[in-house]
Amino acid sequence: MNILAAATEPVAPVASGGVLLAAAVASIALIVVLITYAKLHPFLALLLGGVAVGVLSGRNVMDVITSFGNGFGATATSVGLLIALGAMFAKLLADSGGADQIVDTIVGRSSVRTLPWAMALVGAIIGLPMFFEIGLVLLMPVIYLVARRAQVSLITVGIPTLAGLSAMHGLVPPHPGPLAAIGALEADLGTTLALGVLVSIPVIIVSGPLFGKLAGRWVVVDAPHTFDAAPVTADSTDARRPSFGITLFSVLLPLVLMLAKAIVDIVINDPANQVQQVFDVIGYPLVALTIAVLVAMFTLGRGSGMDRRGIAKTIEQSLPPIAGIVLIVAAGGGFKQSLIDTGIGTQLAEWAQGSGVSAILLAWVLAVLIRLATGSATVATITASSLVVDLVAGMPAAEVSLVVLAVGAGSVFFSHVNDAGFWLVKEYFGLDVGQTIKSWSLMETVLSVSGLAFVLALSLVI
């Protein structure tokens with residue numbers, strides 16, 4: 001089931017293909033300039049870009065505004081709700097001590113040799129419900145401690161953790177980027193989720209423990225003592241924490257519900273069947289995440305000793321930090337609808353089909369170019385997926401999901417100085433710019449390229 005349908009039907013193009021292409025390029029260039037040079041918030045940049053592409057293509061100004069509003073509202077209604085629910089769950093996981101329980105259990109059972117692999121697993125599990133930045137801040141004390149325990153460079157254990165976090169952020173819903181691409185391309189969320197997890201496993205291995213071993217030789221950095229006052233140890237116990245099993249159950253519950261829906265739909269394939277109808281309801285993304293949040297209030301909230309006021313405070317505090325993200329993603333939906341209604345997507349699809357360029361490769365290249373220009377993975381995902389909407393029309397669900405994953409892989413390519421994540425990693429790891437490029441930036445590139453490679457490989461067998 002699609003989480004977002006187009007807000008309006010595409011209108012007939014009002015200009016030639018050349019004019020439409022020029023309008024699209026000019027609007028994207030405007031967004032890039034506004035974000036990178038004018039330092040305008042991406043929400044405003046996408047808003048102005050959406051209006052610009054419609055006006056430059058010759059459409060009536062009021063029609064352009066209506067298109068943008070329709071796309072904005074449809075995206076905010078669907079994707080925005082999922083982002084809000086994901087933020088609530090992540091906050092419960094952090095405040096209850098569940099995240100610490102996952103880290104301590106996995107790291108505590110690992111030898112020095114297997115610590116990078118354990119940290120990659122920790123990054124992936126924590127990265128499932130949490131935004132990249134939150135997961136990084138949460139895990140830095142653990143990364144410091146593990147590096148000192150193993151007596152290795154901070155990069156050797158840090159890169160696998162970052163790879164797990166980044167792969168989840170770029171490839172697996174309910175993160176904003178993948179959700180935005182799923183909504184724009186009308187992909188099936190369950191199928192995309194299953195394929196995203198499948199692709200993420202080898203991608204994390206390649207860009208995490210394997211690349212981290214090399215990067216740890218290039219960049220040798222000792223762990224600082226920033227968090228020594230309150231260390232996180234594998235032997236520490238906290239009676240107020242939920243158990244590892246309960247925490248893992250809570251984290252995986254929404255994914256299991258959505259994957260179960262996708263499997264039942266394939267196996268039964270009968271909309272009139274009552275069993276399938278039940279799974280269609282509980283596996284619908286909005287329902288699955290709502291169930292997960294409600295369950296987490298008991299398993300994580302009450303399980304850690306929180307009272308009703310404590311749980312309510314945690315939920316309340318989870319929403320303000322993601323307001324900007326919701327606005328950006330919703331504005332991306334408005335920009336997408338503006339592009340669709342100009343007819344540029346049809347023109348681009350015809351060109352791509354005539355040239356024989358793979359939709360997967362084209363989507364990845366577009367995301368890479370916009371990522372390099374803007375530094376924003378979310379903006380890259382939104383813009384690239386908006387441009388290939390008509391290219392995926394009529395494709396089987398699995399192929400559309402692979403295009404979504406290609407966009408996600410391209411959106412994390414070579415993080416550099418225009419990306420806030422670049423500076424976050426630099427400061428937390430105590431690196432200079434050159435060291436950050438040789439470790440973090442290259443890791444993101446390996447993750448992006450290997451993601452494309454595994455998506456292309458899957459396309460040969462699906």
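Angles between axes under 35 degrees count as roughly parallel, over 145 as roughly antiparallel, 65 to 115 as roughly perpendicular, and the rest as oblique. The model is predicted, so local features need pLDDT of at least 70 and side-chain atom pairs count only at pLDDT 80 or more, while totals for chains, interfaces and linings use all residues. Residues are numbered from 1 along each chain as its sequence is written, and side-chain values use heavy atoms, with hydrogens and water left out.

The chain has 20 helices and zero strands; these are DSSP runs, helices being H or I with at least four residues and strands E with at least two, numbered from the N terminus. Of the 462 residues, 56% are buried, meaning under 20% relative accessible area with a 1.4 Å probe, protein chains only.

Let us turn to the helix pair. Helix H16 (residues 359-374) and helix H20 (residues 433-459) pack at about 165 degrees, and their axes are 10 Å apart. H16 and H20 are therefore roughly antiparallel to each other.

Which residues of H16 and H20 make the contact? H16 contributes Ile-360, Leu-361, Trp-364, Val-368 and Arg-371. From H20 come Glu-444, Ser-448, Val-449, Leu-452, Val-455, Leu-456 and Ser-459. Contact here means heavy atoms within 4.5 Å. By class, eight residues in this contact are nonpolar, two polar and two charged.

Finally, the C-alpha atoms of the chain fill a box of roughly 65 × 55 × 45 Å, taken along the principal axes.

Methods:
Axes are lines fitted to C-alpha atoms, for helices over the stretch in contact, and angles run from 0 to 180 degrees between N-to-C directions. Ala, Val, Leu, Ile, Met, Phe, Trp, Tyr, Cys and Pro count as nonpolar, Asp, Glu, Lys and Arg as charged, and the others, Gly among them, as polar. Buried means under 20% relative accessible area, exposed over 50%, partly exposed in between (1.4 Å probe, protein chains only).
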